[in-house]
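Good morning. I will take a few minutes to go through one protein chain, part by part. Please look at the sequence and the structure as I go.

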Amino acid sequence: MRLTYNDIAAHLGLSALESDLALTVAVTDSREAAPGALFVCIPGSRVDGHDFVPAAVSLGASAVLASKPLPDAGVPVLLVEDTVKALGSIAALWRDKTRAKVVGVTGTAGKTTLKEVLAQVLAVRGKTARNALNNNNQIGMPRAMLTTDGDEDFWVMEAGISHEGDMEELSAVLRPDIGVILNVGAGHTEGLGKKGVAWHKSRLLTNLAPGGIGLVCADYPDLVRDARATGAELHFFSATGRAVEYRASYAGPAPAAADSAAPVAPDAPDDRRGLYHLWLDGTRCVVTAPFRGEYGAENVIAVAAVAHQLGLSNAEIAQGLTQSSLPVQRFNQTRVGQWLLIDDTYNANPLSMRRMLDAAAERAAGRLFVPVLGEMLELGSQAAEEHEALGRHVADLKPAAIFWKGGHGEDIRAGLTRGGYTGPWFEVYDAAAFASEWAQLSKGVFAAHKTGGVALFKGSRGNRLESLLQTLTGPEAVRG
């Protein structure tokens, strides 16, 4: 950002300094403070940012945003009632001073992946900024906005919600030129009340910039209904063949690129990339994208629709998708011996679980398929029902064995039983237990299958399933 103390003070209705000073970034961690930084004091349940003002100032912070008087701060203090709301207000001020076309992204499953890939595609045309990974709440998103230089052509900002009113607050700060809603399903339902996920996600469209539009997936009837009710100008995309402006379908694995270090046959498939047919408002093209499977069509067409609306040519869109890669812990693939290990450990909800399970089972293609799964958190009253449904879904995929970490194991087991699954089941509590059970399977069930298989690691963040995955990939790995 390029704001002054007095710019911010005037915006917040506070007194100006006689001698103004320039501020270039907002930080909430005192360890990130430096000259030009505005240190924002965030009160928390365990620590209070106000206690770290001396540390921030010692590292050069130029000013402080606080909700309690700090007479001995040593630097100018912007005193407000609520520092989080004030941070958002400052980000909105900075948004008004930039020339960037702003894209707001939300959805239940895959929104971080969409944001990351879209930013890479738009970078083909011009300078692009995005929020890092999933820093998408009322603190993370404004901070990301305030780290921008102001001369970008595009901003791509993800908005994530877990409570009623979250999206209204985020969209009022961002005021996107294009609001994208990728999909809707059960996720964070514990805090969203009775209006439904689609209604809350659609609040992104209630604070569009003048002339702004919504890009909405047509494959979710409740989302289409609630998005239309906002009165925003809408355009639609589909991954299921609906007759709308933007459509995509999966056409199979992409041919592997030749590599001098690892030569491949001309027709060998790429483990990590797929071909997708796109229909972009009357034109057709085929693209290679960093997804492999049907699940990727939704992300690919959402990316292409936004880029098309922002003026990129089909060739630029294809180039950007070819060059792009997925963020960490999102269907990242590693080969260990005869096993393909898929790391999708960042987070999980019922929609993303089903999609990644289907994609991983497809990759197994007749070989062993082993889901290593963790509890889906923040589902509230729907938790038992959703875990049982997940068990039924897993049973349909005919896995060779199943590992589970976290709560609701009894509900998963009930669903597996109803789905007819009678194979090995292991409820593990730590990496050591997982490694032990995997080693036993490697001597038994797995040993009979010389072609190996595919193991998917996926669960909500609190399960830390990457620790289980590391037992198969690290220096002390168990080999099967």
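Before the first sheet, one term: two strands pair if DSSP finds at least two bridges between them. In general, strands of a sheet pair through backbone hydrogen bonds, either parallel or antiparallel. Also, keep in mind that this is a predicted model.

Now to the open sheet. Four strands make up the sheet, and their order is β3-β4-β5-β6, with parallel pairing. At the edges are β3, residues 25-27, and β6, residues 77-79, each of which pairs on one side only. On average, neighbouring strands here are turned by 25 degrees against each other, direction ignored. Between β3 and β4, which covers residues 37-40, there are 3 bridges, and the two strands run parallel. Within that pair, A26 stands opposite L38 of β4.

Which helices pack on this sheet? One is α1, residues 5-12, which touches β4, β5 and β6. The direction of α1 makes about 10 degrees with that of β6. Another is α3, residues 83-97, which touches β3, β4 and β5. The direction of α3 makes about 125 degrees with that of β5.

L38 comes up again when we turn to the nonpolar cores. The largest core has 125 residues, and L38 is among those that touch the most other members, together with V180, F237, Y276, L278 and L321. Helix α9, residues 296-309, gives the most to this core, namely 9 residues. What does L38 itself touch, leaving out residues up to four places away in sequence? The list is I8, L23, V25, A26, V27, A63, V64, L65, L78 and I90. There is also a second, separate core of 21 residues, with V428, A455, L469 and L472 among them.

Next, strand β9, residues 154-158. Is β9 buried or exposed? Here 5 of the 5 residues are buried, so β9 is largely enclosed by the rest of the structure. For that count, buried means under 20% relative accessible area. Both faces are covered: F154, V156 and E158 lie on one side, W155 and M157 on the other, and all are buried.

As for its partners, β7, residues 101-106, is joined to β9 by 5 bridges and runs parallel to β9. Strand β8, residues 128-130, is joined to β9 by 3 bridges, again in parallel. V156 of β9 is the bridge partner of V103, and V156 is also the bridge partner of R130.

N134 has a relative accessible area of 26%, so N134 is partly exposed. Leaving out residues up to four places away in sequence, N134 touches T112, E158, R330 and Y346. E158 is one of the buried residues of β9. By contrast, N134 and Y250 are 27 Å apart in space, C-alpha to C-alpha, and 116 residues apart in sequence.

Last, a pair of helices. The axes of α11, residues 350-364, and α12, residues 383-396, come within 11 Å and cross at roughly 10 degrees. That angle makes α11 roughly parallel to α12. From α11, the residues P350, M353, R354, L357 and D358 meet E386, L390, H393 and V394 of α12. Sorted by class, this contact has 5 nonpolar, 1 polar and 3 charged residues.

That is the end of the tour. Thank you.

Notes:
Residues are numbered from 1 along each chain as its sequence is written. This is a predicted model: local features need pLDDT of at least 70, side-chain atom pairs count only at pLDDT 80 or more; totals for chains, interfaces and linings use all residues. Side-chain values use heavy atoms; hydrogens and water are left out. Axes are lines fitted to C-alpha atoms, for helices over the stretch in contact, and angles run from 0 to 180 degrees between N-to-C directions. Angles under 35 degrees count as roughly parallel, over 145 as roughly antiparallel, 65 to 115 as roughly perpendicular and the rest as oblique. Contact means heavy atoms within 4.5 Å. Ala, Val, Leu, Ile, Met, Phe, Trp, Tyr, Cys and Pro count as nonpolar, Asp, Glu, Lys and Arg as charged, and the others, Gly among them, as polar. A nonpolar core is a set of buried Ala, Val, Leu, Ile, Met, Phe, Trp, Tyr and Cys residues joined through side-chain atoms within 4.5 Å. Buried means under 20% relative accessible area, exposed over 50%, partly exposed in between (1.4 Å probe, protein chains only).
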